[in-house]
Amino acid sequence: MKILFVKGPEAFEPIELDESKVYCIGREPEKGQENIAMNSPALSRNHFLLSCNGGDWWIEDLKSFNGIRVNRKKILRARLSEGDQIEAGEYQFQFGENSPEEPEIETANETYAKPKELTATRKKYERAPVQEAAGASDAGSDKKINKLKLYWAQLDFKWKSMGALAVLGILLHSLVWIPFQAMVEKDLLREALEGGRLLTEQLGDEYRAFDEGSQALINCEAFALGSQSILQAFVVNRQRSVLCPTGQAAPMDSLLSQAQQSEQFTTNCHQRLDALAGESCWMVDPIHKRGARTELIGFSMIHFFPVRVGEALEAYDRYRWQSFFLVLLLMLIFGWLWNAQLKRRLDWLSSEVHLLFAGTLQNLEKLESFAAFDKLIDEVNRINSKSNQVLSQQDPGGHGGADFLQSLLEQVLLLEERAVMVVDRENQILAVSPSLPELIPLQEGYLGSHLMDGIGDTHLQGELVGFLNELSMGSDVLDQNLSLSDRVVSVRGMPIYQDGEQVASLLIF
């Protein structure tokens with residue numbers, strides 16, 4: 001098997017892999033039987049290992065700064081197969097045999113051969129089969145979604161509430177940490193750039209002292225080794241000839257020209273380090289004679305890499321995940337305690353209702369700190385006070401039964417996500433779901449009022465009355481588009497029967 005170069009700062013010939021050896025790839029590798037060095041600041045010193053075990057090749061991340069990806073997925077250790085794409089830093093490789101059908105690979109230095117025709121593997125992916133596969137995939141996705149919905153509907157309230165609290169905890173954590181992360185990255189970038197500028201000025205001070213007659217020689221290699229953040233250091237005279245290190249050409253000619261024209265500190269780090277992605281950049285500082293800002297004697301240049309930024313971001317990432325799991329744990333504990341308290345109160349309420357209808361109690365007392373049950377308790381007390389009556393037959397005008405039905409409908413529709421309205425056969429509004437007022441305008445005090453008084457749009461008032469008249473003629477389900485003053489809404493109507501007689505209508509918008 002071989003490692004084939006795809007893209008990166010420097011091209012190289014395919015590397016033949018020996019199954020009896022372990023290969024280490026990095027900037028200055030030293031942990032393998034065969035060490036392959038690649039000149040890129042985005043690579044760690046020992047970035048990853050390649051080894052063969054039982055005929056299978058494995059890749060392993062050596063806790064590198066930027067990590068590795070196989071087929072676009074970040075991994076710590078994975079088995080490699082023919083054609084796998086490996087990404088490490090600025091490099092991309094392909095694992096496999098060096099066949100004549102390798103794709104065209106363009107780099108800054110070379111272009112490798114490109115196949116003249118499609119392989120058999122690629123030929124089988126014609127447009128029509130892809131479309132059929134996409135259709136089958138969509139159908140499979142819908143089936144999975146429906147299964148999840150059914151599973152959610154069957155879950156106990158306790159687990160639903162725990163899940164909702166977990167999601168709430170995740171959202172709260174994200175709302176706090178996302179702006180905090182932006183602030184941290186901004187501060188780290190500012191600190192890194194300021195540190196790089198000071199190092200550039202320090203190198204310029206050494207050259208200024210040398211120009212003024214100091215006996216100390218400038219050693220750019222030693223200066224670069226003095227800081228982990230400096231990859232290279234240069235001193236250039238005002239004619240842009242490299243004084244240190246000797247025998248090298250001046251890098252970053254365009255940046256040097258900008259600094260020469262402005263005679264001010266110049267850098268491309270703002271563009272290169274904004275995302276804090278571990279990339280390097282350059283800084284150029286003009287050197288003037290001491291006390292004479294107009295007399296230019298040269299330039300100090302450093303190739304800068306923010307090592308401390310990467311270390312700080314790794315620590316920040318650890319804290320972020322620790323706080324995330326802590327918030328999630330606290331929310332789950334709170335959910336468990338809330339469910340336990342709710343269950344205890346409901347058990348007590350159930351026993352009290354039993355005693356009430358057995359004649360032991362006269363009235364139910366309201367639950368302290370559980371105002372959500374107040375309406376339910378009021379209705380139970382009202383029903384108990386009329387226990388010798390049949391509401392649907394003996395309550396004059398049917399208003400008591402209608403109030404009870406309305407209260408029950410309100411409780412049911414609280415959990416309804418769709419826009420729903422229930423009206424009785426006199427076209428009075430009995431109940432609506434919470435989302436309905438967002439779709440159609442409703443007047444204040446709409447519950448219990450006639451449609452003509454409760455609906456806030458005159459066009460929709462007449463359309464709804466006509467729609468309900470048509471529904472009462474005997475339709476089981478009726479679909480129709482209704483007009484508002486500024487738009488059209490779709491509505492489905494379904495009659496509600498009791499003892500074979502229509503008593504109300506359900507409208508789903």
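For comparison, most residues other than glycine have a negative phi, and most peptide bonds are trans.

The structure is a predicted model, in which local features need pLDDT of at least 70 and side-chain atom pairs count only at pLDDT 80 or more, while totals for chains, interfaces and linings use all residues. Residues are numbered from 1 along each chain as its sequence is written, and side-chain values use heavy atoms, with hydrogens and water left out.

The protein contains 12 helices and 21 strands; helices (H or I, at least four residues) and strands (E, at least two) are DSSP runs, numbered from the N terminus. Of its 509 residues, 37% count as buried. Buried means under 20% relative accessible area, exposed means over 50%, and partly exposed lies in between, with a 1.4 Å probe and protein chains only. The protein exposes about 31000 Å², and carbon and sulfur atoms supply 53% of this area. Such accessible areas come from the Shrake-Rupley method with a 1.4 Å probe; for residues, only the protein chains shown count as cover.

The interior may be considered next. In soluble globular proteins, nonpolar side chains tend to be buried together. A nonpolar core is a set of buried Ala, Val, Leu, Ile, Met, Phe, Trp, Tyr and Cys residues joined through side-chain atoms within 4.5 Å. The largest such core here has 26 residues, and those with the most contacts inside it are Ile 230, Ala 233, Ile 302 and Phe 304. Two or more residues each come from helix H3 (157-211), H4, strand E12 (230-237), strand E15 (281-289), strand E16 (292-304) and H7. H3 gives the largest share, 9 residues. Leaving aside neighbours within four places in sequence, Ile 230 is in contact (heavy atoms within 4.5 Å) with Leu 199, Phe 223, Ala 224, Ile 302 and His 303. Another core, of 25 residues, lies apart from this one and includes Phe 12, Leu 43, Trp 57 and Val 70.

A search of the whole structure finds 1 disulfide, a term for a pair of cysteine sulfur atoms within 2.5 Å. This disulfide joins Cys 220 to Cys 244, with an S to S distance of 2.0 Å. Because Cys 220 lies in helix H4 (residues 220-225) and Cys 244 in strand E13 (residues 242-244), the pair ties together parts that are 24 residues apart in sequence. Cys 220 is buried, at 1% relative accessibility, and Cys 244 is buried at 6%.

Cys 244 also takes part in a cis peptide bond to Pro 245, with omega near -5°. Pro 245 lies in the loop between E13 and H5. In helix H5 (residues 253-262), the buried residues are Leu 255, Leu 256, Ser 257 and Ala 259.

Positive phi values also occur in two arginines. Arg 72, in the loop between strand E7 (68-70) and strand E8 (73-75), has a phi of about 75° and is exposed, with a relative accessible area of 69%. Arg 240, in the loop between E12 and E13, has a phi near 65° and counts as partly exposed at 24% relative accessibility.
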